[in-house]
Amino acid sequence: MNTPLRRLATVVVAMFVVLMGGATWVQFVQADALNNDGRNVRTLYREFGRARGPIVVGGEAIASSAPVDDAFKYQRSYANGELYAPVTGFYSIVHRGTMLEQAENDVLNGQADSLFLSRLQDLITGKQPQGSSIELTINPAAQQAAWDALGDQRGAVVALDPTTGAILALVSKPSYDPNQLTTHDSAAANAAYQALLGAEGDPLENKALQGPTYPPGSTFKLITAAAALESGRATPESVLTAPDELPLPQTSATVKNYGGSSCGSGGQTTLADALRVSCNTAFAQLGLELGADALREQSERFGFGNDELSVPIRVEPSEFPDEVNAPNTAFSALGQYSVRATPLQMAMVSAAIANEGELMTPYLVQTVRTADLDVVREADPRRLSQAVSPTTAAALRDMMVGVVQNGSGKAAQISGVQVAGKTGTAQTGREEESPHAWFTAFAPADAPRVAVAVVVENGGAVGNEATGGKVAAPVAKAVIEAVLGQ
Amino acid sequence: MATIQPHRVRPGRGVELALLVPALLIGLAAYALTGLGVTGELPGNVVGYGVGMAALALGLHVVLRWRAPYADPVILPVAIALNGIGLAMIYRIDLGMVARGREQDFATRQLGWTTFALLLAAGVLVVLRDHRTLRRYTYTAMVVGLLLIVLPLVPGLGVEINGARIWIRLGGFSLQPAEIGKLVLAVFFAGYLVTNRDTLALAGPKILGLQLPRIRDLGPLVLAWAVSISVLVLERDLGTSLLFFGLFVAMLYLATERTSWVVIGLGLFLGGAALAATTFGHVAARFDVWLNALDPEIYNRAPGGSGQLVGGLFGLAGGGLFGTGWGKGRPDLVPYAESDFIVASLGEEIGLTGLLAILLCYLVLAERGLRTAIGVRDGFGKLLAGGLAFVVAFQCFIVVGGITRIIPLTGLTTPFLAYGGSSLLANWIIVALLLRISDDARRPAPDLVTGPPPGTTTAPLPVRTPGSSRAGAPRREGEPEPSADPTERIAGPGGVR
């Protein structure tokens with residue numbers, strides 16, 4: 001019986017080798033995939049079990065974690081949650097994180113590679129590991145001013161420091177209170193989430209960075225003008241054809257001016273005047289002459305089509321359509337047809353013009369510090385592209401000053417400060433909907449400190465009567481005042 | 001001139017004592033670390049616990065010195081270490097449940113069962129002076145074993161838990177009679193097979209190179225198959241069914257050395273399982289869960305979804321190579337983390353490293369058992385030791401294989417680790433029997449000089465009371481017991497060390 005016993009012993013060894021292989025497969029080979037499985041609450045518990053770092057604006061925490069006596073150990077809460085929701089996002093046991101809570105998750109929970117030394121220190125000293133804090137570039141006064149000025153209207157505001165790219169204000173309306181999603185009662189969190197999903201105006205959407213991008217309307221004329229100036233075909237004084245109604249090639253459609261008005265006299269106007277009064281026919285004609293490729297190229301130098309941009313919240317790329325026929329080129333030159341832009345993008349256009357044509361990469365996070373206040377990371381302003389030459393930028397600046405001084409953007413005038421801006425009133429493409437009101441601006445024109453873009457969906461409170469000058473410009477003005485008032 | 005030195009066998013009790021120290025320390029350290037990891041303080045009763053476990057282990061050690069001085073020195077320390085690790089993890093799950101607001105004190109109960117089981121093991125060693133005595137109870141064992149298996153089916157006694165009817169409730173205690181059943185059936189199989197092995201092995205036609213048994217000799221095999229399939233069908237317990245059948249086929253193979261039995265046995269079982277999988281929803285669901293565990297549809301299915309299995313996989317993955325540390329993971333998230341899924345709990349907190357160490361412990365235990373079987377001189381002892389060692393290893397394979405998705409998940413307890421009194425009792429009795437048999441295997445043969453004259457067998461004759469109750473044993477008269485066993489000539493004096 002010894003031979004079968006020896007064979008059986010071999011079988012037993014083989015069984016255990018298989019078991020060891022199985023354990024290795026699960027715990028080593030597949031471990032990463034299993035740990036990253038969305039259904040794995042352990043990962044969540046592990047994350048929640050750590051002291052998560054705060055998100056700080058102007059020296060005060062807008063998101064922080066406090067110890068609680070339940071399975072998750074820490075409760076995340078948001079001070080002034082609605083105001084900062086598009087910045088912080090939320091961090092929920094059911095839906096994980098969004099916005100910065102997601103984008104900077106590994107820093108906030110202390111697991112980032114850059115925090116390795118700090119973790120090692122904690123391991124040796126036996127200290128409870130803590131997440132790092134992130135300090136934002138947001139200017140609380142500007143944020144509040146944008147929030148207040150937008151009132152109950154749907155829309156978004158983005159303000160940038162044109163010289164660095166730092167985001168000074170980022171507002172999206174309607175907003176929501178992230179605190180209702182961070183409850184550790186998963187049923188309640190889920191119910192709140194479902195309610196927000198179905199809520200009027202999509203509060204969960206970050207309209208400043210990600211929401212369904214908007215047609216930029218006449219604010220896009222800045223890019224059309226930039227393309228014309230860069231091409232060397234035009235100067236601000238160049239005379240453009242500006243009929244009351246411009247027939248388009250290959251179609252019976254025509255382009256008219258806003259309210260059927262005429263711009264200039266005798267069907268002619270200068271480029272500067274055309275921008276000042278936002279003359280559609282002149283820019284449509286200009287767009288036809290420049291061609292879609294020139295417009296697309298210029299828009300891309302301002303940041304359109306950049307699908308890698310993150311601040312570090314992912315930014316939905318703004319688009320200039322790929323294939324455009326002649327009549328649609330004319331509409332595209334006016335920021336209509338399939339041209340789409342985020343409020344951040346239009347703020348970047350103003351910022352680049354303000355910064356002598358140099359477009360800085362926008363960013364939200366100024367400083368990352370460990371719990372011991374050691375600086376782990378400091379924002380490093382970087383050039384994204386040279387959107388236009390300094391000469392073109394100066395010309396555009398002067399033209400934009402004209403818009404505010406004596407054109408469609410008078411509502412943005414501030415006494416003692418020269419504001420450069422451009423209005424936009426964008427048709428949504430749906431007959432029954434009022435147009436979106438746009439305004440993008442920077443100030444002071446000679447030494448810019450803030451660039452801003454405002455969109456008010458469907459004309460906001462004014463509805464069908466809305467223009468960018470009427471509805472959006474006052475909001476931009478409030479933000480500029482808030483930044484300069486300090 | 002060359003002289004032949006008699007091979008001196010060291011009893012190994014000193015080695016055993018030396019091994020018991022780390023074995024006890026592992027369990028105690030795990031227990032202390034669990035308290036430190038969860039609450040930040042040592043468990044209140046850590047000293048009492050340490051002293052108690054040490055007293056029990058050392059007590060058993062003393063019993064071995066007294067009653068089985070040549071017993072294998074590794075088996076007891078390995079079992080003590082596993083039991084200690086299991087206790088620590090059960091205590092850890094208790095703490096996890098308390099942290100979630102659910103009072104649970106399985107650890108104290110398990111400690112009680114451990115005490116009882118170790119005392120019982122000592123009792124077995126004291127009372128059972130010679131394992132061959134058990135052969136007298138071959139058919140009693142059959143009856144008792146079958147009764148134990150069908151016990152949960154008795155109305156009013158058996159209870160159904162999670163669809164499987166393998167429990168009985170006796171005054172406040174839930175017991176799994178099948179755990180004891182596997183032990184009793186191993187005794188029956190050993191006794192039956194040692195008597196009938198020649199008929200099973202040699203008679204019958206040979207087809208395609210396989211020595212087939214005679215139809216009438218198939219009776220017991222068919223019976224065992226029928227029993228395990230009926231367990232599958234009536235008690236809805238795939239694991240126990242697989243365990244019984246695996247045990248029977250392994251022992252049949254040991255007795256007959258005929259591969260044909262293994263082939264026939266496997267064929268029958270796979271056929272039965274396939275039939276069950278297509279006929280019964282709950283078996284089919286198990287296969288579904290096994291093959292498509294991570295599929296969202298299967299994961300979310302309730303009841304019968306893969307939530308528990310995948311939860312265990314998440315736990316194992318979370319532990320990674322080195323684990324979270326005692327008390328630092330969340331093993332309590334998986335249902336039955338202290339019993340069926342204790343391996344996943346351990347994998348989470350002590351990592352792949354710890355889990356592999358535990359598997360090696362089992363392997364050492366099983367191989368020491370098989371070594372004992374090779375060393376022992378009588379056929380009954382060989383079959384019993386081989387069967388018992390195999391059943392422990394096979395049970396591990398079914399449980400751990402189920403949790404790591406090597407085979408479909410079945411509800412079996414992990415020997416020594418998992419919470420559950422019946423399982424602990426059964427496995428400690430197995431340890432006691434293996435120790436008893438290994439004492440016989442390793443005990444040096446009587447000195448040749450003072451031994452019986454040449455021409456007689458060197459092995460001690462076991463049957464002292466031939467008139468006793470070997471009821472039903474067919475060849476009682478003149479059966480030349482151990483000397484008929486050909487292996488006796490192979491296993492010389494000294495056996496294994």
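**Exercise 1.** Which residue in β3(B) is the bridge partner of B:Leu170?

Solution. The model is predicted.
- Step 1: Strand β2 of chain B covers residues 164–170 and is joined to β3(B) by three bridges.
- Step 2: These two strands run antiparallel.
- Step 3: B:Leu170 has B:Phe173 as its bridge partner in β3(B).

**Exercise 2.** State which strands of the chain B sheet stand at the edges, and why one side of each is left without a neighbour.

Solution. 
- Step 1: The sheet is open, with three strands in the order β1-β2-β3 and antiparallel pairing.
- Step 2: β1 (158–161) and β3 (173–175) of chain B each have a single partner strand, so one side of each lacks a neighbour in the sheet.
- Step 3: On average, neighbouring strands of this sheet are turned by 45° against each other, direction ignored.

**Exercise 3.** Decide whether A:Ser278 and B:Phe416, both with positive phi, are buried or exposed.

Solution. 
- Step 1: Most residues other than glycine have a negative phi.
- Step 2: Phi is near 60° for A:Ser278 and about 70° for B:Phe416.
- Step 3: A:Ser278 sits in the loop between α11 (271–276) and α12 (280–290) of chain A, while B:Phe416 is in the loop between α14 (379–403) and α15 (421–442) of chain B.
- Step 4: The cut-off for buried is 20 or more other C-beta atoms within 10 Å. A:Ser278 has 27 and is therefore buried; B:Phe416 has 29 and is therefore buried.

Methods
Residues numbered from 1 in each chain as written. Chains lettered and ligands numbered in written order. Predicted model: local features only at pLDDT ≥ 70, side-chain atom pairs only at ≥ 80, totals over all residues. Pairing = 2+ DSSP bridges. Helix = DSSP H or I, 4+ residues; strand = E, 2+ residues; numbered from the N terminus. Axes fitted to C-alpha atoms, helices over the stretch in contact; angles between N-to-C directions. Buried ≥ 20, exposed ≤ 12 C-beta atoms within 10 Å, placed from the backbone.
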